[in-house]
Amino acid sequence: MILDIIAYPDRKLKDISKKVQTFSSELHFLLDDMYDTMLASNGIGLAAIQVARPIRALIINLPDDEGQQHKDQLLEMINPRISHAEGSTMYQEGCLSVPGFYEDIERHELVTVTYHDRHGKTCTLDANELLSVAIQHEMDHLDGKLFIEKLPYGRRKKFEKEYKKSQRSKKSA
Ligand code: Y12
Ligand code: CO
């Protein structure tokens, strides 16, 4: 089932998501729906809060070199925690909750993340490049943060102006 994605500036995106306590079929249905929703919008990552479920769950499905996404490469992370981070890297990020806007954002270059899979199994992953950026972007959603909040003051102001303009022209179309 395709769910509605909450868009900025909806204040729900600021909610701090709660830890998942039970790895039930309800969680599995939500993860399945999040996958359908992400794919339907050409996304590569989605956090549960973006579909109005304030739980610490996220999914990531990076494309291969030909731009194709494969379900067997889908990462589902429940209650993720970064245990190690190093270096810094810049990447042009986008977000399904901020459609049409891409901004250069600085992140850690490498992260080690520990999380549970959908069955509650504990997993650890070392991530670099795009995967590292995607994990950090999605984990920020769990703490109510959006990538645009990392922009310097001037770029943030410019973004707010352009975003408001784009929302107005969407409404009048
Ligand atoms: C690197 C940086 C950020 C992430 C987080 C995941 N972000 C996305 O999946 C963003 C997807 C996205 C897709 C859009 O296209 C449509 O909605 C059809 C979009 O909107 C437009 O371009 C109009 C915005 C963002 C992972 C890795
Ligand atoms: Co996002």
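Helices and strands here are DSSP runs, numbered from the N terminus. The model they belong to is predicted.

Start with the strands. Strand 3 covers residues 75-86 and pairs with strand 2, residues 57-60. The two run antiparallel, and 4 bridges join them. One contact to look for is Ile59, whose bridge partner in strand 3 is Glu76.

Strand 3 also pairs with strand 6, residues 110-116. This pair is antiparallel too, with 6 bridges between the strands. Find Glu86, then look across to strand 6: its bridge partner there is Leu110.

The largest pocket holds about 430 Å³ of space. Its lining is made of 23 residues. Closest to the centre are Ile44, Glu93, Gly94, Cys95 and Tyr102.

Which elements supply at least two residues each of this lining? They are strand 4, residues 89-93, and helix 2, residues 129-142. Helix 2 gives the most, with 6 residues. By class, the lining of the largest pocket has 11 nonpolar, 10 polar and 2 charged residues.

The second largest pocket has a volume of about 180 Å³.

Definitions and conventions:
Residues are numbered from 1 along each chain as its sequence is written. Chains are lettered from A and ligands numbered from 1 in the order in which they are written. This is a predicted model: local features need pLDDT of at least 70, side-chain atom pairs count only at pLDDT 80 or more; totals for chains, interfaces and linings use all residues. Side-chain values use heavy atoms; hydrogens and water are left out. On a 1 Å grid over the protein atoms alone, a cavity is a set of points where a 1.4 Å probe fits but cannot get out, and a pocket is an open set with protein on both sides within 12 Å along at least five of seven lines; lining residues have an atom within 4 Å of a point. Grid points are joined across faces, edges and corners, and a volume is the space filled by probe spheres set on the points. Ala, Val, Leu, Ile, Met, Phe, Trp, Tyr, Cys and Pro count as nonpolar, Asp, Glu, Lys and Arg as charged, and the others, Gly among them, as polar. Two strands pair if DSSP finds at least two bridges between them.
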